[in-house]
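Visitor: I would like a close look at a single part of this model, with some account of the chain around it. Please keep to what can be read from the coordinates.

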Amino acid sequence: MIASGERLPGLLMTIIRFVLPLQDHMIKKLLLIFWEIVPKTTQDGKLMQEMILVCDSYRKDLQHPNEFLRGSTLRFLCKLKEPELLEPLMPAIRVCLEHRHSYVRRNAILAIFTIYRNFEFLIPDAPELIANFLEGEQDMSCKRNAFLMLLHADQERALSYLASCLDQVTSFGDILQLVIVELIYKVCHANPSERSRFIRCIYNLLNSTSPAVRYEAAGTLVTLSSAPTAIKAAASCYIELIVKESDNNVKLIVLDRLIALKEHPTHERVLQDLVMDILRVLASPDLEVRKKTLNLAMELVSSRNIEEMVLVLKKEVAKTHNVVEHEDTGKYRQLLVRTLHTCCIKFPDVAATVIPVLIDFLSDTNELAATDVLVFVREAIQKFETLRPLIIERLLDAFPMIKSVTVHRAALWILGEYASSPEDIQSVMNQVRQTLGEIPLVDDELRRATGDKGEEDVAQLQQAPVQKLVTSDGTYATQSAFNTTSLSKKGEARPPLRQYLMDGDFFIGGALGTTLAKLALRYGALVADPKKHNRFCAEAMFVMASILHLGKSGLPAKAMTNDDADRLYLCLRVLSDKSPVIVNIFNENCRKALSVMLSAKAEEEATSQKAKEKPGSLIHADDPISFLQLSSTRGGELGGSENVFELSLNQAVVGGRRDGMGGSGLGTGELSITSKLNKVTQLTGFSDPVYAEAYVHVNQYDIVLDVLVVNQTGDTLQNCTLELATLGDLKLVEKPQPVVLAPRDFCNIKANVKVASTENGIIFGNIVYDVSGAAADRNVVVLNDIHIDIMDYIVPASCNDTEFRQMWAEFEWENKVSVNTNLTDLHEYLRHLINSTNMKCLTPEKALSGQCGFMAANMYARSIFGEDALANLSIEKPFNKPDAPVTGHIRIRAKSQGMALSLGDKINMTQKGPQKTSGA
């Protein structure tokens, strides 16, 4: 009731008379809470007379033989704001500094520190007193509190103490070492000439037993020195922390520090020598940690250590072969394949050693890794002519062991395109015949269905082993494979290519027809003997005709589609007619198309890499020069209680990037103020008795509401409570405490809201209050709703076509949004959509260029919670109506319903025309 603003004048003396004399520890503890919240002054601001009795009770508790009572009373004194109550207690507080128990001594230091900070006149000699205390103290927690006080109250004394025991710092406890790191950072930042004096101490703290101390020391060292030895020591410390810490969150945080360190050009050169150390982090089982590590190593690797890095990656590849298949194992294998792919393209010298390792992946059950290998092989065989014989040879060896139809199809294309010698072409044909089985396919399948065997099968069965079995009564019985053959007829294993066809996947039949046509045409150009040429062509045409016959026979699970049949008919026609135009398309244009695609891809990667490059080195001639020694205003900021460690550390590792405002601090301040004002939401009207507005700060996983509440009446508002509720996947962390508002007074109330997923959320509520002396019920002011924007959680991301298609097939929630806009240009609408949804367009710019009246594009984004959002844009505009608006639809797919619906709502809100969007 007292906390809610009720005044109970008769209660105070009752408690002083009957409760204060009690010695029970629990009651003593509750009393301290009571004395903290009870009003201690009269309405005119003077101390109440009863408080003299309470003060005497405090003094007795400070002299109590029980150390718990002394310590808890000292902690309570830190919260008192009345100097009249504290003044009589000062001698007793000083005596507590000499108490035998460390719990009392450390709380006495905290009490002295707080009193000195709030009411310096009560204990003006506090720094000297604490400095003398520090000299003789042995307990580490007491030393830490004392040193912390000197750090904030008298830096000179703190420095002189540190200088006197500089060699002993490594033997101190971690809590004291953390404060020492903070002091060295502040002093060296304010006075750079002190760096040489303390930098050795920071170096020593890099070897501390505490991970927290090592982390802070490494960060401080980076801000204090840009020397290569300092950067190398700090980076090595970070790597050790990542390797030894078991918590994945710690690993990710420290990895981010290393990545930020790399952003500085001079630091990047130092980190290049530590690539092999960074790769030790791959021992972590977490996929996200491994992904960041591989990306960092790939950006840092140079020609000096690429071979060592490839050896490490090969070992990692070998490790993934013999482990139990897990969801992340396949993804990690895919990551390794992509990294080795990038290594080979960046450093062609290592391609010869990497290709054999990667081709072994083709027989992998994980289709993603195998597909990535073939994408790499396709690029390598096009770029490195010297490696083509090796790639063809290894691909032919791996061909029968491939388990995926997608991988087989791509391997057929590569073999058909790049098998250039007669021996290789004949080897490809042999492999195709082997993986298809006996032809004609229909006749062979009918024989299998009736139980008859072909010549090859009979020959195998004649050599079938005879197996001795023991019956239940102990006698021997013999069983031949002949007896069991008819039983396993239905589940009989077929060669892989035939199995695909029997399952109804005739797309690979079309790919096989194209491959055989290319091989036959090339074989004819290479071999002079017309008999051999005709025999090869006839064999190729026989295979195609068999596939066509099988497709129309009704034996496969699904019939052949017209598209696949047309492709095979075309290939047969090409081999029979051999028209020069078509032959040129088959022999030359396919490879040219691949070359153009790879060039476009390389150009796009170069453009994106250039966009990522740091603009920090660009300094304009008229940019102001910042002299640290002349910036007197910054000294005041650094000397204050605000900790600017994070800010300056980021500036140090990123190289002090400018924000486009000419480097002036004023521009930055103006920008931040403007962006903050954009996030202020008015909650009540100006004519309401209580005016309220909220500043909404979205910080990844939580939202902080800073609500300004103004009493616009002439009455005192008691129990003024901000009542909030949420809609969506939001959760209020704690209920805001009630306050008492004097006439025309105001206060700030903060509320934290946790965010669990990427959905549009709404925060609503009201302000409830009582007017003292009024007989009416409680008064209520209803607040405007606060809409939390989904865009605060979504960031653009990228993925390849295969991953996009896979996610598109897996995601079960789809939201189809019709285009309803006044924009008349297709490209302009796409740009507007990308800007308003934070999504990235995956369709290449070249595919979107030109005007054809129709546009289709894929977009992708990822939330900070790891949720994926896919979108497919299909829009059109009639050519004969230049002023007609764009029409069409956008299909959104996501794993969760909330994500799909929220993104659809956002598009509906913003697609009417280009509008400037602000924060939440």
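Among contacts in the chain between residues at least 6 apart in sequence, what share joins residues at least 24 apart? And for the close look, which residues line the largest cavity?

Guide: The share is 67%, where contact means heavy atoms within 4.5 Å. This is a predicted model in which local features need pLDDT of at least 70 and side-chain atom pairs count only at pLDDT 80 or more, while totals for chains, interfaces and linings use all residues. Residues are numbered from 1 along each chain as its sequence is written, and side-chain values use heavy atoms, with hydrogens and water left out.

The chain has 40 helices and 18 strands; these are DSSP runs numbered from the N terminus, helices being H or I of at least four residues and strands E of at least two. Of its 920 residues, 45% count as buried, that is, under 20% relative accessible area, with exposed meaning over 50% and partly exposed the range in between (1.4 Å probe, protein chains only).

Now the cavity. Rolling a probe the size of a water molecule over the atoms shows where empty space is left. On a 1 Å grid over the protein atoms alone, a cavity is a set of points where a 1.4 Å probe fits but cannot get out, and lining residues have an atom within 4 Å of a point. Grid points are joined across faces, edges and corners, and a volume is the space filled by probe spheres set on the points. The structure holds 3 cavities of 30 Å³ or more, and the largest has a volume of about 70 Å³. Its lining consists of Leu20, Lys28, Leu31, Leu32, Trp35, Ser57, Tyr58, Asp61, Leu69, Ser72 and Thr73. Elements giving two or more residues to that lining are α2 (25–37), α3 (51–62) and α4 (67–77). Helix α2 supplies the largest share, 4 residues. By class, the lining has 6 nonpolar, 3 polar and 2 charged residues; Ala, Val, Leu, Ile, Met, Phe, Trp, Tyr, Cys and Pro count as nonpolar, Asp, Glu, Lys and Arg as charged, and the others, Gly among them, as polar.

Some other residues give context. Lys262 is in helix α15 (residues 248–262) and counts as buried because its relative accessibility is 7%. Its side chain makes a polar contact of 2.8 Å with that of Glu299; the term covers a pair of N or O atoms within 3.5 Å, where within protein one must be able to donate a hydrogen and the other to accept it, and residues adjacent in sequence count only if both atoms are side-chain atoms. Beyond neighbours within four places in sequence, Lys262 also has Leu296 and Leu300 among its contacts. Thr293 is in helix α18 (residues 287–300) and is buried, at 0% relative accessibility. Leaving aside neighbours within four places in sequence, Thr293 contacts Leu255, Ile278, Val281 and Leu282.

Val782, in strand β11 (residues 779–782), is exposed, with a relative accessible area of 63%.

Note on methods: 1 Å grid on protein atoms, 1.4 Å probe; cavity = no way out; pocket = protein on both sides within 12 Å on 5 of 7 lines; lining within 4 Å.
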